[in-house]
Amino acid sequence: MGSRYRFNRLELAGSLGDLGTLLPLAIGLIVINGLHPTGLFLSVGAFYVFSGIYFGVTVPVQPMKVVGAYAIATAMSASQITGSGLLLGLVLLAIGITGAVTVIGKYTPKSVVRGVQLSTGTLLMGQGVKFIIGTSALQKMQQAAEPYLSVQSIGMIPIGLIVGTAGGLLTLLLIENRRFPAGLVVVVSGLLLGFLLGLQKEFQNLSVGIHLPQFLPFGWPTTADLTFAVFALVLPQIPMTLGNAIIAYADLSKDYFGENASRISYRGACISMALANFLSFLVGGMPICHGAGGLAAHYRFGARTAGSNLFIGVIFIGLALMLGEGTLVVFHLLPLSVLGILLLFAGAQLAMTIGDLKDRKDLFVCLTILGITLASNLAAGFIAGIIVAYLLKIKSLQV
C-alpha cells in the first residue's frame, strides 16, 4: 500500500496515543448524559477509518471539548447534545463549502496558531496530571481516583499516583524505542492491570453478538432543545473549533507530514468534521472533531501514516458492533492514571511547537493566549490573540 499505510507496532502504538482525550469525555457523556455507547464508538471508529483513507496520513478524532465539558457539568439531555452536533455540522459545512474557513485561516497569524497549540498542550498536560493524582472532574464525580479498580491505595499512597509515576518513567525510558513503543507498552500494561485489579462483576454484563446502532435513538430534537443548544453549546464551541480543530490542526499536519498532507486543507478539515457530525447525530453519538492536540498525541507515540487510523478505527468499530453497550466495560479496564500519562506527553509534544517563534512580539501573543485560556477558555484566548496580533502589527507599521 506504499507510504500512505504502514501496519507495524509503531503505528499501533501511535493509534492509541489520544485515548486520554477521547475516553474520559466519551465515558462521561454516556454515563452522565445517556448518549448511546454503540452509536458513539461506531461513529468515532468510522470517522477514524474514512478520514485516514481520504487524507492519507494520521488524522485525529476527538470529542468537541466545550460541548462535552459543559454538557457533563450541567447534565444536559442527550437530545440537546446530539442536536448541537447537527447544528455544528451545518455550520461547518456552510463555512467549508463557501470557502469562508479558508479566508479565516489565511488571515490568522502564525503566532496565534502557535498560541492555540501552546494553550492546548498546556491544558492537556494539566488534565493529565489531574488524572494521575485523582482530581479530574470524572474522578470527583465517581468519588474515587481509580473508580474501576478494586484497589484504591497501597498503604497511604493512592494507586493512581503509583501507576502514573511508574508509567511515566516507563514512557520516558521507551519514548524513542522502536522495538517496544512507549504508547503500546503503557496501554497494554494498563489493560493488564485493569484486568487483574478491575471490578470483575462488570464482565457479567457483556453480551457478545451483533449490536447495530439505533437510528435517531433520542428522536428528532425539539425546537426548544435546538435553541438551547445554539446558545449553550454551539456558539461557545465554534471559535475553539476554528482555532484548534481546523487552523492549528491543518498547520501542524503540514509541519509533521509536509507534502503528504496536501489534502488536509482548512476546507477539507471543515467539511470532513461536518459529515462526521451528521453521522454521529443519526446514531446518537457525541459531537466530534479533529484537533492539534490529538495529532500531537498520535505523532508523539509513533503514528506516521493512515495505518494508525485503520488500527484504532477498526478497534472502535469492532468493539461497538460486537459488544454494544458492553464496550464501556472494556474501556473501564484502562486506569485513568494511564490515560493521564498519554495526555501529559502529548501535551508536551504540542506545546513545544512554539520553538520556531523567535520574535518577542509573537511570543507575547502566544503567552497572552495562554494566560486568557487558563483564566477562561481557549475560544476566548483565540479571539483575544487575533486582536492582540493585529494591534501589534498595526503599531509596528506606524513606527
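Author: Happy to; what follows takes a few labels in turn and sets each against its rule. Please keep in mind that this is a predicted model.

Reader: Let's start with helix 5 and helix 12. What makes them roughly antiparallel?

Author: The angle decides it. Helix 5 (residues 78–97) and helix 12 (residues 266–283) pack at about 155 degrees, with their axes 8 Å apart. Angles over 145 degrees count as roughly antiparallel, and therefore helix 5 and helix 12 get that name. Helix 5 also passes helix 12 in a left-handed crossing.

Reader: Which residues of helix 5 and helix 12 make the contact?

Author: From helix 5 they include Gly85, Gly89, Leu93 and Gly96, and from helix 12 they include Arg267, Ala274 and Phe278. By class, the contact of helix 5 with helix 12 divides into twelve nonpolar, six polar and one charged.

Reader: How do you know how helix 3 and helix 14 are oriented to each other?

Author: Helix 3 (residues 37–55) and helix 14 (residues 307–323) have axes 8 Å apart and an angle of about 155 degrees. The limit to pass is 145 degrees, so helix 3 and helix 14 are roughly antiparallel to each other. Helix 3 passes helix 14 in a left-handed crossing. Among the residues in contact are Phe41, Gly45 and Val49 of helix 3, with Gly313, Phe316 and Ile317 of helix 14. That contact has 14 nonpolar, six polar and no charged residues.

Reader: And why is helix 11 described as roughly parallel to helix 13?

Author: The axes of helix 11 (residues 223–257) and helix 13 (residues 292–300) come within 8 Å and cross at roughly 30 degrees. An angle under 35 degrees counts as roughly parallel, which means that helix 11 is roughly parallel to helix 13. Tyr249, Leu252 and Tyr256 are among the residues of helix 11 that meet helix 13, whose side includes Leu295 and Tyr299. The contact of helix 11 with helix 13 has nine nonpolar, three polar and no charged residues.

Reader: What makes aspartate 255 and arginine 114 a salt bridge?

Author: Their side chains meet at 3.1 Å, N to O, and the cut-off is within 4 Å. By this rule the count comes to four salt bridges. Aspartate 255 lies in helix 11 and arginine 114 in helix 7, so this pair ties together parts that are 141 residues apart in sequence.

Reader: How do you know what span to expect of helix 7?

Author: At 1.5 Å a residue, the expected value is 34 Å for helix 7 (residues 110–133), which has 24 residues. The first and last C-alpha are 35 Å apart, close to that expectation. Glycine 134 follows helix 7, and its phi is positive, near 85 degrees.

Reader: What is phi for alanine 75, and where does that residue sit?

Author: Alanine 75 has phi near 55 degrees, a positive value in a residue other than glycine. Its place is the loop between helix 4 (65–74) and helix 5. Glutamine 143 has phi near 55 degrees, again positive in a residue other than glycine. Glutamine 143 is found in the loop between helix 8 (137–142) and strand 2 (153–154).

Note on methods:
Residues are numbered from 1 along each chain as its sequence is written. This is a predicted model: local features need pLDDT of at least 70, side-chain atom pairs count only at pLDDT 80 or more; totals for chains, interfaces and linings use all residues. Side-chain values use heavy atoms; hydrogens and water are left out. Axes are lines fitted to C-alpha atoms, for helices over the stretch in contact, and angles run from 0 to 180 degrees between N-to-C directions. Helices (H or I, at least four residues) and strands (E, at least two) are DSSP runs, numbered from the N terminus. Angles under 35 degrees count as roughly parallel, over 145 as roughly antiparallel, 65 to 115 as roughly perpendicular and the rest as oblique. Contact means heavy atoms within 4.5 Å. Ala, Val, Leu, Ile, Met, Phe, Trp, Tyr, Cys and Pro count as nonpolar, Asp, Glu, Lys and Arg as charged, and the others, Gly among them, as polar. The expected span of a helix is 1.5 Å times one less than its number of residues. A crossing is left-handed if the near helix is turned anticlockwise from the far one by less than a right angle, and right-handed if clockwise.
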